[in-house]
Amino acid sequence: MAANMYRVGDYVYFENSSSNPLLIRRIEELNKTANGNVEAKVVCFYRRRDIPGTLIALADKHARELEEEMENPEMVNLPEKQKHQLRHRELFLSRQLESLPATHIRGKCCVTLLNETEALKSYLDREDAFFYSLVYDPQQKTLLADKGEIRVGNKFQADITDLLKEGEEDERDLEKLEEKIWEPSSSLSEKQIDQFLVVARSVGTFARALDCSSSVRQPSLHMSAAAASRDITLFHAMDTLHATGYDMTRAIAALVPQGGPVLCRDEMEEWSASEANLFEEALEKYGKDFTDIQQDFLPWKSLTSIIEYYYMWKTTDRYVQQKRLKAAEAESKLKQVYIPNYNKPNPNQLSNNTKPALLNGAAGAAGSGPPGSGPTPGLGRACESCYTSSSYQWYSWGPPNMQCRLCASCWTYWKKYGGLKMPTRLEGERPGPNRNSMSPHGLPLRHSSSPKFAVKTRQAFYLQTTGLTRMARRLCQDIIRPGYLARHPYLPVNTAAIKAECALRLPDSPKKPSPVKPVKRKPLESVVRYLVAHPRPAKPDPPVRGGSISTGSLTPIKSSPILNNGSPTILGKRTYEQHNGLDGTKSKSLTPQWDIMAKRVSDAGRPSVSLQDEVHELD
């Protein structure tokens, strides 16, 4: 029961396609729609396969720098298989929010910010555990470091000096380290200081009455008095009192110099109403990420000004009202939702009752007919990831022309982690730039909901076969049948069965294979001399026009050109008069067609000319 209860803040799997890997999201809100369904407002996390290839190189560079900072020897000695699987545990946080049906939730997972004190190998030991250290922006196509890291270490903390021993003097110059701004043991009493602060507030109110911009922002006397009572006015008054040596007469005179009363305003007064609305909108989107607020909403404000305004804004009535509204909205929203287990069969499941057609090479040496001609028992298709041949359930995977499949264990790994346990030839393929008809993970869908690579990549590749593959071409020629495959290039080849058969025949094969019989070819000069000595015979004269035509001996003329502007009929187009029987004469436009027919009829009655039996050999 508790495993199926999903709350705000949980990291969950979402399924949007039966063949693509599960999406990883964090639940921000649970809302009930008008028709009674529950929708989840979630934060998106992206996998490596979801971001552009240019950013993957940047992510690899960041990972190498992180390994150097961590100085973890385990990462250096980590096997390639575990390094490959560790890439599947890396996610990229985004600021993107989306709403998904809560019924598409398929389970919980754990996503944490990567810490320098944490070992990366620990994520492989835990099920459904992921980490992230970079933030991905899908709109800007950028990858930046997360600012939420805990800054611990010598780079961020000051070095504490040793404790002074008893009787030891401090040799540092204290006047350079600190500055006194208030003397608590002055000659003034608390009552006199309070009276001076009242005078400073009164001067501040009068100064706002004289200032034109302040009169617009605080049109009433009460608002001006409230603005003059803020901390900026009191701080200026106490600084003035300290600077004048706590002399009340000099301090009051300093508040009203020759040019008029001193006006002190903080960020709350400096900001306009439109800037305040922008700040509240940015705070709703980014939270206390003041750097992003400055870049996207208030680029003309300094970072110090934004931070100072935030802490002053928290003391206003508007902040209190918004906090009460959010609390009321939170009370009306759902806190948790129960989602039962999803038990419907996956469309990619392969039936275990019907045996799949044997691929080329699966029937062994006994197979003499074309592939799939008979259900001869033999080796079937192995799992594309772990190469096992036995599983209680199989799933179709990859492009349909490859006819790959995964066992139940590897299919679960593919759905959760977005990759295979072992790297394969399909692991690095990525779709091309045409992404309009593709799924959210970059793969177009065919009718059976399995991924299909629709376009080629622009990267050039070099196909280099291994020694075992070259040996299998010679030892298993009866299974591979290269001549048959050359005439049927689109038939799939069961490489797993061929490798297994080659492994059985390899011990009995001779150490040195028989050399291929060289083919002796004539040099190019001999070919040229032959062509000069035997020129092409002249074309025969055209047949004489006329002659009778027998419709019974007409046969389709395959080599004859299509005349009369591409007309597919043998007689071409008829004129209006011929079509309606008004004129029985032959049209001039039909002359080429009639000539062809006459030639065929005359050739049929003419005896065939025997070819010369001499064989011309090259010199």
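Reply: What follows is a walk through some strands, cysteines and aromatic rings.

Me: Before we start, what kind of model is it, and how are residues numbered?

Reply: This is a predicted model, in which local features need pLDDT of at least 70 and side-chain atom pairs count only at pLDDT 80 or more, while totals for chains, interfaces and linings use all residues. Residues are numbered from 1 along each chain as its sequence is written, and side-chain values use heavy atoms, with hydrogens and water left out.

Me: OK, where is Ile-24?

Reply: Ile-24 belongs to strand S3, residues 23-32; helices (H or I, at least four residues) and strands (E, at least two) are DSSP runs numbered from the N terminus.

Me: Is Ile-24 buried or exposed?

Reply: Ile-24 is buried, because its relative accessible area is 1%, and buried means under 20%, with exposed over 50% and partly exposed in between, using a 1.4 Å probe and protein chains only.

Me: Which residues does Ile-24 touch?

Reply: Leaving out residues up to four places away in sequence, Ile-24 touches several residues, among them Val-12, Val-43, Leu-91, Val-111 and Phe-130, where contact means heavy atoms within 4.5 Å. Val-12 is twelve residues from Ile-24 along the chain, and their C-alpha atoms are separated by 5.9 Å.

Me: What about Glu-90, is that buried or exposed?

Reply: Glu-90, which is found in strand S5, residues 90-101, is buried, with a relative accessible area of 8%. Its side chain makes a polar contact with the side chain of Arg-48 at 3.1 Å; such a contact is a pair of N or O atoms within 3.5 Å, where within protein one must be able to donate a hydrogen and the other to accept it, and residues adjacent in sequence count only if both atoms are side-chain atoms. Apart from neighbours within four places in sequence, Glu-90 is in contact with Tyr-46, Arg-47, Arg-48 and Phe-131.

Me: And how does S5 pair with S4 and with S7?

Reply: Strand S4, residues 38-46, runs antiparallel to S5 and is joined to it by seven bridges, with Ala-40 having Leu-100 as its bridge partner in S5. With strand S7, residues 129-137, S5 pairs in the parallel sense over four bridges, and there Phe-92 has Leu-134 as its partner in S7. Two strands pair if DSSP finds at least two bridges between them.

Me: Switching topic, how many disulfides are there?

Reply: The structure holds zero disulfides, a disulfide being a pair of cysteine sulfur atoms within 2.5 Å.

Me: What about the rings of Tyr-310 and Tyr-311?

Reply: Their centres are 5.0 Å apart and their planes at 75°, so that pair is edge-to-face. Tyr-310 is buried at 7% relative accessible area, whereas Tyr-311 is partly exposed at 49%. Ring pairs link these residues into a cluster whose members include Trp-271, Phe-290, Trp-313 and Tyr-319.

Me: What covers the buried residues of H14?

Reply: The cover includes helix H11 (267-270), H12, helix H13 (290-296) and helix H15 (317-332), and the buried residues include Ser-305, Ile-306 and Met-312.

Me: Last one, what lies over the face of Trp-394?

Reply: Arg-405 does, at 3.7 Å from the ring centre; a charge sits over a ring if NZ of Lys or CZ of Arg is within 6 Å of the ring centre and within 35 degrees of the ring normal. Arg-405 also stands opposite Ser-396, in S12, and four bridges join S12 to strand S11 (residues 394-397) in an antiparallel run.

Methods:
Phe/Tyr/Trp six-rings, centres within 6.5 Å; stacked < 30°, edge-to-face > 60°.
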